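Here is a short report for a reader new to this structure. Look at the sequence and the model first, then read on.

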Amino acid sequence: MIDLLELFWELVKHWKHILLAMLIGAVLAGVYYLVGVKPSYQADASIFITNNDSVITVSDLQLSSELTEDYAKIIKSRNVLKQVIKDLDLNLDYRALNRLVSVTNPDNSHIITITVSCGDMELCRDIANSLMNIGLERIYQVIGSSEPTIIDFSEAESVEEITPSLTKYLAMGLILGMVLACGLVCMIYLTDTTIKTEDDLKKYLGIPILSIVPYYEEKEE
């Protein structure tokens, strides 16, 4: 049975090692951030799905809501992605492009948002706009009804940098260092079966202590 209180004090006893591990983790995370983390950007474009007639009935709105998911799937279809790659002369296949793109329907509305994330600001914007334009054409070909209405094109000033901050990496390094150090201390504690004190004799062997031989250290004259 694990004595949690004893384990706690074992961790407290090794607080210096845990603190050192946290500092090492933070330093390594900081070095990785400066050397290995590249800037990442996010661009988005959005369209509104509804009937273009002047009079919109309840059934039109219900139909638009049902078609929203279908439109989103068409926008990310293989044919659309391949056409975007061809038009922009991208050095990607459609699977790689698919991983950069997300098509969402915020709050189950009639709006579809196309989001592109990559390491190039201009490329994010171009992919988002191309995907929207080609997707709208494909929707019209497949559905055959009126095209959705464009709400926003992706513009240079609307592209956001989404690179995680240095602070976040340092915090992750601290936490990881602490978890590893505490885990190592716990593992050593749980696997250590040596007898160190008279209390250990009572605890692990259940035998009475008849006498204790004190440790004598001869003093130098």
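## Basis

This is a predicted model, in which local features need pLDDT of at least 70, side-chain atom pairs count only at pLDDT 80 or more, and totals for chains, interfaces and linings use all residues. Residues are numbered from 1 along each chain as its sequence is written, and side-chain values use heavy atoms, with hydrogens and water left out.

## Strands

Helices (H or I, at least four residues) and strands (E, at least two) are DSSP runs, numbered from the N terminus. Two strands pair if DSSP finds at least two bridges between them.

Strand E1 (residues 41-48) runs antiparallel to strand E3 (residues 111-118), joined by eight bridges. Here alanine 45 faces isoleucine 114, and aspartate 44 stands opposite threonine 115. E1 also pairs with strand E4 (residues 149-152), antiparallel, over three bridges. Phenylalanine 48 has threonine 149 of E4 as its bridge partner. Two bridges join E1 to strand E5 (residues 160-161), again antiparallel. There, tyrosine 41 stands opposite glutamate 161.

E3 also pairs with strand E2 (residues 101-104), antiparallel, over four bridges. Valine 103 has isoleucine 114 in E3 as its bridge partner. Buried means under 20% relative accessible area, exposed over 50%, and partly exposed in between (1.4 Å probe, protein chains only). Six of the eight residues of E3 are buried, so E3 is largely enclosed by the rest of the structure.

## Helix H6

Helix H6 (residues 121-143) has 23 residues. Its expected span is 1.5 Å times one less than its number of residues. That gives 33 Å, and the end C-alpha atoms are 33 Å apart, which agrees. Buried residues in H6 include Cys124, Ile127, Leu131 and Ile139.

At the start of H6, a side-chain oxygen of aspartate 120 comes to within 3.0 Å of the backbone nitrogen of glutamate 122.

## Aromatic rings

Rings of Phe, Tyr and Trp (its six-membered ring) pair if their centres lie within 6.5 Å; planes under 30 degrees apart count as stacked, over 60 as edge-to-face and the rest as tilted. The structure holds three aromatic pairs. Tyrosine 32 and tyrosine 169 have ring centres 6.1 Å apart and planes at 40 degrees, so this pair is tilted. The pair links distant parts of the chain: tyrosine 32 lies in helix H2 (residues 15-36) and tyrosine 169 in helix H7 (residues 166-191), 137 residues apart. Tyrosine 169 is buried, at 17% relative accessible area. Tyr32, Tyr33 and Tyr169 form one aromatic cluster.

Notes. A polar contact is a pair of N or O atoms within 3.5 Å; within protein, one must be able to donate a hydrogen and the other to accept it, and residues adjacent in sequence count only if both atoms are side-chain atoms.
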